[in-house]
Amino acid sequence: MAPWILDLSKQINSEILGRLSWIGIPTSPKDGSTDCNQKTYTFRLLDYACGEGAISRGIFNYIDEAWGIDLSSRMANSFNQRAAALDIPKRKRMFAVQGDLLAPSSPNSGNSFAGREWFEFDLAIMTMALHHVGSPADAVKMLVSRVKVGRPVLLVDWIAGTAVGEDGTAAYNGHGKHAHEMMPGIHTVTRDGFTKNEMVRMLEEAGCVDVGFMEAEELSQLDLGETRMWRRLFFAKGVKGVQ
C-alpha cells in the first residue's frame with residue numbers, strides 16, 4: 001500500500017479519535033464494560049467499504065464489535081487476517097465479509113444482509129468510499145437504515161473542489177493522470193467530492209437529526225505517480241431519528 005494512503009488512514013483515525021463524543025462513540029476504552037446504569041451492553045460498529053480495516057482497528061478500543069463489509073473479497077480477507085493478529089478479548093469481535101449492501105441480491109454480493117444481526121448497529125461508518133458510489137443519497141439512506149434509532153452514522157470523504165497542486169493552483173478532480181497506477185479503484189470514482197450543503201441534505205433526507213459537518217484540521221497529501229496534491233477531508237454525521 002502506498003505510504004500516502006497509510007498516512008491518510010492515520011490522519012482519519014486521529015481525527016475520529018479526537019471527535020469521539022461528537023460522533024457518538026464511547027470515550028472510555030471498552031472490554032465488554034457497562035453503561036452508566038451498570039447494565040452490560042455491546043457497542044457494535046458497521047464498517048461499510050471497510051477495506052483492510054484501518055478504521056475499525058483505530059477505534060476498536062472504544063467499541064465491542066466491528067462488523068466490516070467490503071465489495072472486494074481480497075479486502076475482507078485482509079481485514080480478517082489483520083484482526084486475527086490482534087489480541088482481542090473474548091467478549092469482543094472484529095470480522096469482515098464480502099458483499100454489497102446497495103445490491104445485496106446481486107451475484108457480486110456474498111451475503112443478503114437480511115438477517116436481524118445486520119441491523120440495529122450503534123454506529124455505521126463509511127470512509128473514503130461515498131465518492132465511488134453511483135447514488136450517494138441511496139448509500140446514506142442504506143447506512144441510516146442499519147443503525148438503531150438515536151444512533152449515528154459517520155461519513156468521511158473529500159470536500160469538493162479542494163484539490164490543490166504543487167504550484168498552488170486547483171488540481172483537476174483531485175486524482176491526476178497516473179492515479180490508476182496508484183489507486184486501482186479510481187475508475188469507479190463518480191464525483192470529485194461533496195459540499196457541506198450536499199451532505200447535510202442527504203443526511204436529513206435519510207431521516208437524520210443532529211446533523212453535523214466538520215473539516216479536517218490539516219490538508220491531506222496525495223502522491224499519485226508524477227502528481228502530488230493536497231485535499232481536505234470532511235466528517236459528516238447524523239443521528240437516526242424516529243422513522
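Is Trp67 buried or exposed, and what is its relative accessibility? In this predicted model, Trp67 counts as buried because its relative accessibility is 6%, where buried means under 20% relative accessible area, exposed means over 50% and partly exposed means in between, with a 1.4 Å probe and protein chains only. The model is predicted, with local features needing pLDDT of at least 70 and side-chain atom pairs counting only at pLDDT 80 or more, while totals for chains, interfaces and linings use all residues. Residues are numbered from 1 along each chain as its sequence is written, and side-chain values use heavy atoms, with hydrogens and water left out.

The aromatic rings are described next. Rings of Phe, Tyr and Trp (for Trp, its six-membered ring) pair if their centres lie within 6.5 Å, and planes under 30 degrees apart count as stacked, over 60 as edge-to-face and the rest as tilted. By this rule there are eight aromatic pairs. In one of them, the rings of Trp67 and Trp118 have centres 5.0 Å apart and planes at 90°, so this pair is edge-to-face. Because Trp67 lies in strand β2 (residues 65-70) and Trp118 in the loop between β3 (93-98) and β4 (123-127), the pair ties together parts that are 51 residues apart in sequence; helices (H or I, at least four residues) and strands (E, at least two) are here DSSP runs, numbered from the N terminus. Trp118 counts as buried, at 4% relative accessibility. Trp118 also forms an edge-to-face pair with Phe113, at 4.9 Å centre to centre and with 90° between the planes. Phe113 is found in the loop between β3 and β4, and at 0% relative accessibility Phe113 counts as buried. Ring pairs link Trp67, Phe95, Phe113, Trp118 and Phe121 into a cluster.

Charged side chains also meet aromatic rings. A charge sits over a ring if NZ of Lys or CZ of Arg is within 6 Å of the ring centre and within 35 degrees of the ring normal. The charged end of Arg44 sits over the ring of Phe121, 4.1 Å from its centre, and the charged end of Lys237 sits over the ring of Trp22, 5.5 Å from its centre.

The strands can be considered together. Strands of a sheet pair through backbone hydrogen bonds, either parallel or antiparallel, and two strands are taken to pair if DSSP finds at least two bridges between them. An open sheet of seven strands has the order β3-β2-β1-β4-β5-β10-β7, with mixed pairing. Since β3 and β7 stand at the edges, each with a single partner strand, one side of each is left without a neighbour in the sheet. From one strand to the next, the twist averages 15°. Within this sheet, β1 and β4 pair in the parallel sense over four bridges, and the bridge partner of Asp47 in β4 is Ile125.

A hairpin is formed by β8 and β9, with two residues between them. Strand β8 (residues 220-224) is joined to strand β9 (residues 227-231) by five bridges, and the two run antiparallel. The covered face of β8 holds Ser220, Leu222 and Leu224, whereas Gln221 and Asp223 make up the uncovered one. Leu224 has Thr227 of β9 as its bridge partner, and Gly225 in the turn has a positive phi of about 65°.

Two helices lie across strands of the sheet. Helix α4 (residues 73-84) lies across β1, β2 and β3, and runs at about 165° to β3, where axes are lines fitted to C-alpha atoms, for helices over the stretch in contact, and angles run from 0 to 180 degrees between N-to-C directions. Helix α5 lies across β1, β4, β5, β7 and β10, and runs at about 150° to β5. In α5 (residues 136-145), the buried residues are Pro136, Ala139, Val140, Met142, Leu143 and Val144. The elements that cover them include β1 (44-48), β4, β5 (152-158), α7 (196-205), β7 (208-215) and β10 (233-240), with contact meaning heavy atoms within 4.5 Å.

Some single residues complete the description. Arg19, in the loop between α1 (3-17) and α2 (20-23), counts as buried at 10% relative accessibility and touches Met214, Glu215, Glu217 and Phe235, not counting residues up to four places away in sequence. Most residues other than glycine have a negative phi. Ala49 is found in the loop between β1 and α3 (54-59) and counts as partly exposed, at 24% relative accessibility.
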